[in-house]
Amino acid sequence: MGAREDRWRTLLEAGLALSSELSLPAVLQKIVELAAKVTGARYGALGVLGPDGRITDFFTTGISEEQRRAIGSLPVGRGILGLIVEQPQPLRLRDLRDHPRSVGFPPHHPVMTSFLGGPIRARGKVFGNLYLADKEGAKEFTEADEEALVILAAQAGVAIENARLYEASRKRERRLEAIAEITSAILGGEEPEQALEVVAARARELVGARLATVAVPVGAGRLQLRVAEGEGADALRGVEFPAAGSVSGTVMSSGRPEVLADASADPRTYQPVVRMGEIGPAMFVPLRARDRVLGTLTVANRVGDRPFTDEDLAVVEAFADQASMALEYGRAQRELRRLAVLEDRERIAKELHDGVIQSLFALGMGLQATAAMARDEEVERRLASAVEELDRVVRDLRNYIFGLRPGLLADRQLDQALRQLVEEFGEKTGVVAVADVDPQVAAELGSRAHDVLQLAREALSNVGRHAQATTCRLSLHREGHGWVVLEVDDDGRGFDPSTRPRTGQGLRNLEERAASLGGSLQIESVPGEGTTVRARIPL
């Protein structure tokens, strides 16, 4: 009678202990420990079931961490464990090895004999199963042990449901906090990449993933991991891979998310990236903006880790919407800045055309009239020379105005504009000039085409003014991952870049314009051998 009272007291204490715990993993671990204590089992386990009936998580007692690592991955639910999954009711065996469904034990697993198992139900559905083995001090578990297990399982179901409700409320709270943080970053004027870093970090934290990445297009048919947060992030950040045949490419094309149980076994995953991140379970979610997809948000775990649930997918999809907002907001901000620059250019161009050029033209006309009245040949010659210089200045100003006008490329692509610029340069200067322009690269420069064209014009203008060259070559091509190079080289007289002061505006303008594009300028020149101006611009 005393033992029975002790057991009921233990069950009562177990119910109170479970009701006081709100962390679901802690509740599950406590359940299996209490079950082993109440029934006198040496070993205990609790297998959490996924929607497909497979074991998705496993909590144990009586087995050390070293033993668990030696045993390996989670059980798949075969044998006796699978029998309780298929038939969710208590099962008591004197020796589980004698049962027809027994499949033995994996390597490094302790040998077990007596067995007691049963389901745990939460909200009317089977949440998981309790498995107990090796009754201490007896050859098998008793009916009283089975009765205690059923009572404990009922208590466990209530505790699990309470913990799930609490966890759901905490997740909603953290999600709202994270969304507020992301919104603040976006509206605060942070760069899109910084906002995406926040999105990836928070998405990873909320679903308990080891890694989160954001992939975006960087050119024709290629994607880049623009953002990476978590384990192995430093090695993955900036990695490029083909869009065709990849999961990210498929998700971008379809606009629908994909959930993989093991990315390392999927032929569509870019295996170098998977190996670098040791990626197993993974979710790929599209970043949508209106009617187009801008990239993908991916969260992943290591090979052998728990798979992701539908609830995890819903969280990541919510964050993908936030990431899309960050990308779209960044694009809109860049477009606004570009429009502001173009409006300013239009204003300057109008003022130059209507004011400065007209004044210079009137001054030239006056000098021509004065030259016609001059009776001194030397004065007439000097006035004519001044008029020619004014004509040259007016031509240069018109060229600059042509570059400042926002409608410059309205009817032409950048590659066509560059070829025409080189052709006109050759006609005006007599220099044999050729253009080597990659049309695809030129198209990828997008809204910065005007700045690149102006950079090319200033570089060619320097050649025409100072180089005394016979040939000149302009090229535009891709270099490495995400970079474009504009190069202008000539066979002119050259100079020593280390000693030549930046007294004029030419070289300084080139350097400042390249810097404004986020790039850099390199000048290589040798006296008597020519000059190469090389602008490196990020895509």
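Predicted model: local features only at pLDDT ≥ 70, side-chain atom pairs only at ≥ 80, totals over all residues.
**View 1. Salt bridge between Glu 86 and Arg 101.** This pair is one of 20 salt bridges in the structure. The closest N and O atoms of Glu 86 and Arg 101 are 3.1 Å apart. Glu 86 belongs to helix α4 (residues 79-86), while Arg 101 sits in the loop between β3 (91-93) and β4 (115-122), so the contact ties together parts that are 15 residues apart in sequence. Glu 86 is exposed, at 51% relative accessibility, because the cut-off for exposed is over 50%. Arg 101 has a relative accessible area of 29% and is partly exposed.

**View 2. Salt bridge between Asp 234 and Arg 237.** The two side chains meet at a distance of 3.1 Å, N to O. Asp 234 is exposed, with a relative accessible area of 65%. For Arg 237 the value is 36%, which means that this residue counts as partly exposed.

**View 3. Salt bridge between Arg 534 and Glu 479.** Here the closest N and O atoms are 2.2 Å apart. Arg 534 is in strand β16 (residues 530-538), and Glu 479 is in the loop between β13 (471-478) and β14 (483-490). The pair links distant parts of the chain, 55 residues apart. Glu 479 is partly exposed, at 24% relative accessibility.

**View 4. Network of salt bridges that includes Arg 534 and Glu 479.** Besides these two residues, Glu 487 and Arg 536 are part of the network. Side chains of opposite charge can pair when their charged atoms come close.

Notes:
Residues numbered from 1 in each chain as written. Heavy atoms only, no water. Salt bridge = Lys/Arg side-chain N within 4 Å of Asp/Glu carboxyl O. Helix = DSSP H or I, 4+ residues; strand = E, 2+ residues; numbered from the N terminus. Buried < 20%, exposed > 50% of the residue type's maximum accessible area, 1.4 Å probe, protein only.
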